[in-house]
Amino acid sequence: ALELDAPVCASDGSAQTDVQVIPETINRTEHARISKLVGKTVTVSGQAEEAVTTHHHRPVVVFGKVTAR
């Protein structure tokens, strides 16, 4: 699970801490790189949106890039 330093503000004004990150690209190399970041502090950058499909498992979804800090 992704633990945020601070909540993000949803369009309805609510503070959300339950966020799903969907990487821009996912292949074996990227999956292996991201897997090594579990338990570490990371930076997530990208476009945040409210979940709209059953494929979105959290109220807020970020389509973007995950990098180590």
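**Note on His56 and the overall fold**

1. The side chain of His56 comes to 3.0 Å from the backbone nitrogen of Val52. This is a predicted model, so read that distance as computed.

2. Where does His56 sit? His56 lies in the loop that links strand 4 (42–50) to strand 5 (60–68).

3. Is His56 buried or exposed? Its relative accessible area is 15%. Buried means under 20%, so His56 counts as buried.

4. Now the chain as a whole. It holds one helix and five strands. Along the sequence the order is β-β-β-α-β-β.

5. What radius of gyration does the chain have? The value is 12 Å. A compact globule of 69 residues would have one near 11 Å, so the chain agrees with that expectation. Along the principal axes, the C-alpha atoms fill a box of roughly 35 × 25 × 15 Å.

6. Burial across the chain: 19% of the 69 residues count as buried. His56 is one of the buried residues. The chain exposes about 5,200 Å², and carbon and sulfur atoms supply 52% of that area.

7. Charge: the chain carries 7 positive and 8 negative side chains. The centres of the two sets are 15 Å apart.

Terms used: Residues are numbered from 1 along each chain as its sequence is written. This is a predicted model: local features need pLDDT of at least 70, side-chain atom pairs count only at pLDDT 80 or more; totals for chains, interfaces and linings use all residues. Side-chain values use heavy atoms; hydrogens and water are left out. Helices (H or I, at least four residues) and strands (E, at least two) are DSSP runs, numbered from the N terminus. The radius of gyration is taken over C-alpha atoms; the globule rule is 2.2 Å times the number of residues to the power 0.38. Buried means under 20% relative accessible area, exposed over 50%, partly exposed in between (1.4 Å probe, protein chains only). Accessible areas come from the Shrake-Rupley method with a 1.4 Å probe; for residues, only the protein chains shown count as cover. Lys and Arg count as positive and Asp and Glu as negative; His and the chain ends are not counted. The place of a charge is taken as NZ of Lys, CZ of Arg, CG of Asp or CD of Glu. A polar contact is a pair of N or O atoms within 3.5 Å; within protein, one must be able to donate a hydrogen and the other to accept it, and residues adjacent in sequence count only if both atoms are side-chain atoms.
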